[in-house]
Amino acid sequence: MELQNSAQIVQSLYLAYIGRAADPDGLAYWQGQLESGEVSTEAIEQAIIGSDEASGYLAELDSGEYVRSLYNQYFERDPGDDEVAYWAGRVDNGELGRANLANSMIDAASEFDREALSAKLAVANYYSQNVAQEDYDAQQALALDNLHSNEALYAALQQLDSDHEAMTLEQVGESVEGNPLYSAVVGTGPQTLMIATQQHGDEPLGTEAALYLLDYLAGDSAEAQALREEVTVVVMPRVNPDGFARWQEQVAGGEDILDPRRNSNDIDLNRTYDPSVPNDPDLAPESAAVRQVVEQYQPDLFVDMHHQNNYRSTDGSLDTLSALWATNEGVDASLMETGQRAIVSIDQALEEFEHANLTLYPGSDNPAIGRNGLGLDGTATLLVEQRGLQEMDQLAQGVELDYSALAGALTLESYLAMKGIAESMASGEFEQIDPSLALEIPERSDSIDFAELYGDDQYVPTEDEPTMVAEEVPTLGIQHDDALIA
Ligand SMILES: [Zn+2]
């Protein structure tokens, strides 16, 4: 695996030899050295290894412990005993030094591990490049280890509500099984952005990102305060809590469970938006609540956060996010253009996140999908589909893999996409975007299924509990300000 740029190289050295993301000054210094062309990567590696901090970190670890540490720092998983024995043996017999060990492990990594490393380096780089030096936290998590259960989500929303005067939390309905549905509103601006997440129960990361978004938007930063003057942001997180609870049951080993994508009346909520078909609130109270909140706030843009399967381009990169505006021919052209501006604003926002790979979603004209149905009813919409669905499905099938590095990167991407739209609306740039730029975004790549992507024997299942099992521990909870996520 070739590291892509100087920031990734420096970041990988920090993770390997110091066990943390680079702080902003450290990253900038070593990047400058590397890019000057006068200092080799090997010399920088030796300088970092020789630093007091690295010496202390490395001195505490014998070769087996060091191998374990590298697996966790690079691939966000514990190695198997055979992997530890193999690599530690090569160090102990003098074949590999510690520097060569790290490089050799990257070279030998499976596709699955490479993806985890790539996701982790991207999150680490985003953090190092955006946090202020005085706010840098060496303990900053770079992966998403847990999801909020329904109870933890409600507790987190209530915590945000009590922490932030700028946020209003209101129950706007309840699911078939009686779980509450909330809207969280931040801001008083004349423009309104509405975001719904997780209409499909097994598509959870938009919900995690929405919590970070609410915390940022309701916070005390000058940027957030200014944004709130211009934009009212209405978030409906986890529209299908019953489905998510069923997905959790599947991950825990439950069988013969109704498809967690659907609500508990076996309805696909995102097929209930055709304005010419009366919505039956007994069958689909969740989407009835969405429509009621749309009616109440009349948003200038409605964004619907989902997950899709894996799609890989000819250059080998995987699509991380595909999006599409309303395409039913009955939708007013100006509303379609607003959706097009929204995807362009996401494209701009994701420029600073190297993990992101944005494409156009090839959606149908079906009027029952929120993207089209709300459009036919006069609301501009954008459907967002992030990768991750196949991984969630693998977990539900009992495959014990650790997706926390990928989940961290996708959650950060989701956060940046939503925040990017809100910021673009607030600054007035949104209105200036040429909607035809959306048509220049590449179409979604070809589908690739899980087995083909990773091969049956190319990844090593962890012996541990799968870490994406939702727990009632909001450890990823909520960062303050924009410091970062994950
Ligand atoms: Zn979906």
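**Exercise 1.** Determine which span helix α13 should have, and compare the span with the model.

*Solution.* Helices are DSSP runs of H or I with at least four residues, and strands are runs of E with at least two, numbered from the N terminus. The expected span is 1.5 Å times one less than the number of residues. Helix α13 has 13 residues (residues 285-297), so the span should be 18 Å. The end C-alpha atoms of α13 are 18 Å apart, which agrees. Just after α13, Gln-298 takes a positive phi of about 45°.

The model is predicted: local features need pLDDT of at least 70, side-chain atom pairs count only at pLDDT 80 or more, and totals for chains, interfaces and linings use all residues. Residues are numbered from 1 along each chain as its sequence is written, and side-chain values use heavy atoms, without hydrogens and water.

**Exercise 2.** State which residues coordinate the zinc ion, and classify the site.

*Solution.* Donors are N, O and S atoms within 2.8 Å of the metal (3.2 Å for Na, K and Ca); water is not among the atoms, so sites may look incomplete. His-200 (ND1), Glu-203 (OE), Glu-203 (OE) and His-306 (ND1) coordinate the zinc ion at 2.0 to 2.6 Å. Along the chain, these donors follow the spacing H-x2-E-x102-H. The angles among the four donor atoms are 55 to 149°, and the site is irregular.

Conventions. Four donors count as tetrahedral if all angles lie between 85 and 135 degrees; four count as square planar and six as octahedral if opposite donors are over 155 degrees apart and all others between 65 and 115; anything else is irregular.
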